[in-house]
Amino acid sequence: MMRRWHLAHGRHIDLGARAVVMGILNVTPNSFSDGGRYNSLDDAVAQARLMVGQGASIIDVGGESTGPSAAPISAREEQERALPVIEALASLHGTLISIDTYREETARLAVAAGAHIVNDVWGLQREPGIARVAAETGAGLVIMHTGRGREKLADPIEDQFLFLRRSLEIAHEAGIADERIVLDPGFGFAKETPEDNLDLMARFEELHALGFPLMAGTSRKRFIGVVTGREAPHRDAGTAATSVILRLKGAQLFRVHDVAINMDALAVADAMLTRQAHLSARSGQ
């Protein structure tokens, strides 16, 4: 699927021909693999610069941990962490910025501060007013599937369709155009076992029936740790393996902690896809 993803502030990014990497920038003390490393503004900006230099097209700034055991914080605390970083990154020429939040107010302030994308891990279903923010600001929108706080269907793909179609209804009712939407199946979010996540990977192509570009967020997730036997900070090679698998299954964006290793892995996957398309075209002549 080739699509131009339209973002806030008149920006866009083309999806499809090459994998696009979104670098994770957690400005939190308790994120599961890198909490506390980028709490200062200088450290956060330096890490963003590093990831952009390694090939990240987007920096995703998060001010609240979304881990299942993380204690909730106030909107004000989230904003005090994230907004100064977004303002600083907005001055870096060409950098695309995403705000990882489910809060309407935080999303609005983040876009005003320079963010181009709103990345909602509750798929517009925690604070539906966040959809109005995306509609009114023209922000790009990542709608993520989650099974938290509700009864899930037994079939993982049917549950994806159930949840994401409701999220898309909310988006369309708010007036968000399709060319501003990307979907994320939410690896690790109430997918409790390795099998839950591996099954979602195995059936990933079925999600293309929804008709939107897809983002993969497997980075350092627990299921990779179970498979590899490694703790969270040492799961980047396993993450890169999942990135390649999902790229070959049609994912277009990849949200990762370690940009360099995933860029290399995805470059090989893209070369493979290009060569495969060439051979298919030649055999069809």
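Residues are numbered from 1 along each chain as its sequence is written, and side-chain values use heavy atoms, with hydrogens and water left out. Because the model is predicted, local features need pLDDT of at least 70 and side-chain atom pairs count only at pLDDT 80 or more, whereas totals for chains, interfaces and linings use all residues.

Helices (H or I, at least four residues) and strands (E, at least two) are DSSP runs, numbered from the N terminus. Eight strands form an open sheet in the order β8-β7-β6-β5-β4-β3-β10-β9, with parallel pairing; two strands pair if DSSP finds at least two bridges between them. Gly-62 of β4 is the residue opposite which Asn-26 stands. Helix α2 (residues 75–90) packs on the sheet and touches β3, β4 and β5 (96–100), its direction making about 175° with that of β5.

For the helix pairs, axes are lines fitted to C-alpha atoms, for helices over the stretch in contact, and angles run from 0 to 180 degrees between N-to-C directions. Contact denotes heavy atoms within 4.5 Å. The axis of α1 (residues 41–54) comes within 10 Å of that of α2, and the two cross at roughly 45°. Helices α1 and α2 are therefore oblique to each other (under 35 degrees counts as roughly parallel, over 145 as roughly antiparallel, 65 to 115 as roughly perpendicular and the rest as oblique). Leu-41, Ala-44, Val-45 and Ala-48 of α1 make the contact with Pro-84, Val-85, Ala-88 and Leu-89 of α2.

In the second pair, the axes of α8 (residues 236–248) and α9 (residues 259–283) come within 9 Å and cross at roughly 25°; α8 and α9 are therefore roughly parallel to each other. Residues in this contact include Asp-236, Arg-247 and Leu-248 of α8, and Ile-261, Asp-270 and Leu-273 of α9.

The structure holds 19 salt bridges, each defined as a side-chain nitrogen of Lys or Arg within 4 Å of a carboxyl oxygen of Asp or Glu.
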